[in-house]
Amino acid sequence: MRELAPAKINLCLYVGPLRPDGYHELVSVMQAIDLADELELTDSDATADDVRCPDVEGPNLAAHALAAFREHTGWDGPPQLLQIEKRIPVAAGLGGGSADAAATLRLLARRSGRGSHAALLEIATSLGADVPSQLQPGRWLVQGFGERLTPLADAEPLGIVLLPSSAKLSTAAVYAQADRLGLTRGADELAAALAALDPNSPEPVNDLEQAARSLEPTIDGAIETVRREGAARALVSGSGPTVVGLFPTLQDARLAVDRLNAAGVDAKAARAIHNQSPP
Ligand code: ATP
């Protein structure tokens, strides 16, 4: 069984107060894009589940998802081999680990016939802030620490240019830096941002941007670069360091990428994907 795990970008990200559980309260418009990891799940003859993801060192979030699915649903089917081919840059603000965890849950639900939508959401929430919204890739208004989801209408046609970075940023380190720099909002300010938000065309505000830029100064140049190529809006995705340029059409984005690649700049065109049906 195969499944794609689409990356996400944050079209806006407002960061509110730190909660007692250590997470920040968020308001974000999250958009899934057609840059995706590829997952394959097969029954295996081994004695235990095995997750192979050569591009990621250390514990894999998809392995946590597999263990959590078995635990939560009681499924005791045969050991599974899960192979992940990474296409989404790692620690880049594109939610790659969360996308893989969410896609793993979709695969296991298909394989086992278990896991109601509510159960999958509960498991996803236990795995991390970005996992619930990526369970059903599409466009979401995300609140709470990432678990309160409101579906949004499909986006207007949009061309996206991604400028990946060779640097990696840890999400936790970027949030900590935002706290140190006093960049987060109080509850009232967060509510005001939500009230003023147009989810169809959000202002390109990312409250983590300054924190990410201070930890990874090359982001400044990437934002300049994508603006110079004609991006109508430019911002850092999530905790960075990936920079996103928004263009009116996919064709505009592709032309900008051609020019950037010709000048030796690593850039990729992507498009927003349509809202997918529940797993
Ligand atoms: P987010 O935007 O969700 O905060 P991110 O996109 O910045 O996260 P990820 O690519 O999800 O970052 O990786 C964050 C860390 O998670 C990496 O440093 C990596 O070690 C770990 N990780 C565990 N499993 C995976 C996976 N399947 N893919 C990528 N990273 C993984």
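Two strands count as paired if DSSP finds at least two bridges between them, and the legends below use the word in that sense for a model that is predicted.

**View 1. The hairpin of strand 1 and strand 2.** Strand 1, residues 2-18, and strand 2, residues 24-43, are paired in the antiparallel sense over 13 bridges, and in this pairing Cys-12 has Val-29 of strand 2 as its bridge partner. The two strands make a hairpin with five residues between them, and Gly-22, in the turn, has a positive phi of about 95 degrees. Strand 1 is mostly covered, since 13 of its 17 residues are buried.

View 2. Tyr-23 is placed in the loop between strand 1 and strand 2. Because its relative accessibility is 35%, Tyr-23 counts as partly exposed, a class that lies between buried, under 20%, and exposed, over 50%. When neighbours within four places in sequence are left aside, the residues in contact with Tyr-23 are Pro-17, Leu-18, Ala-129 and Phe-145. From C-alpha to C-alpha, Tyr-23 and Leu-246 are 29 Å apart in space, with a separation of 223 residues in sequence.

**View 3. Arg-148 and the hairpin of strand 5 and strand 6.** Strand 5, residues 139-144, pairs with strand 6 in the antiparallel sense over four bridges, and Val-142 has Leu-149 in strand 6 as its bridge partner. Three residues lie between the two strands of this hairpin, and Gly-146 in the turn has a positive phi of about 140 degrees. Arg-148 belongs to strand 6, which covers residues 148-151, and it counts as partly exposed because its relative accessibility is 45%. Not counting residues up to four places away in sequence, Arg-148 touches Glu-25, Leu-141, Val-142 and Gln-143. The C-alpha atoms of Arg-148 and Met-1 are separated by 29 Å, and the two residues are 147 residues apart along the chain.

View 4. Strand 8 and strand 9, residues 243-247, are paired in the antiparallel sense over four bridges, with Leu-235 opposite Val-244 in strand 9.

View 5. In soluble globular proteins, nonpolar side chains tend to be buried together. The largest nonpolar core here has 50 residues, of which Ile-9, Ile-33, Leu-94, Leu-105, Leu-127, Ile-160 and Leu-162 touch the most other members. Helix 2, residues 96-112, gives the largest share of this core, eight residues, and the core draws at least three residues from each of domain 1 and domain 2. Apart from this core lies another, of 27 residues, which includes Leu-169, Leu-183, Ala-231 and Val-243.

**View 6. The contact between domain 1 and domain 2.** The domain assignment of the chain gives domain 1, residues 2-151, and domain 2, residues 159-271. Taken over C-alpha atoms, the centres of domain 1 and domain 2 are separated by 22 Å, and 29 residues of domain 1 are in contact with 38 residues of domain 2. Between them the two domains bury about 2,600 Å², with 66% of that area on carbon and sulfur atoms. On the side of domain 1, Leu-13, Tyr-14 and Val-15 lose the most area to domain 2, together 23% of what that side buries.

Note on methods. Residues are numbered from 1 along each chain as its sequence is written. This is a predicted model: local features need pLDDT of at least 70, side-chain atom pairs count only at pLDDT 80 or more; totals for chains, interfaces and linings use all residues. Side-chain values use heavy atoms; hydrogens and water are left out. A nonpolar core is a set of buried Ala, Val, Leu, Ile, Met, Phe, Trp, Tyr and Cys residues joined through side-chain atoms within 4.5 Å. Buried means under 20% relative accessible area, exposed over 50%, partly exposed in between (1.4 Å probe, protein chains only). Domain bounds come from an automatic or database domain assignment. Contact means heavy atoms within 4.5 Å. Buried area is the accessible area (1.4 Å probe) that two parts lose on being put together, summed over both.
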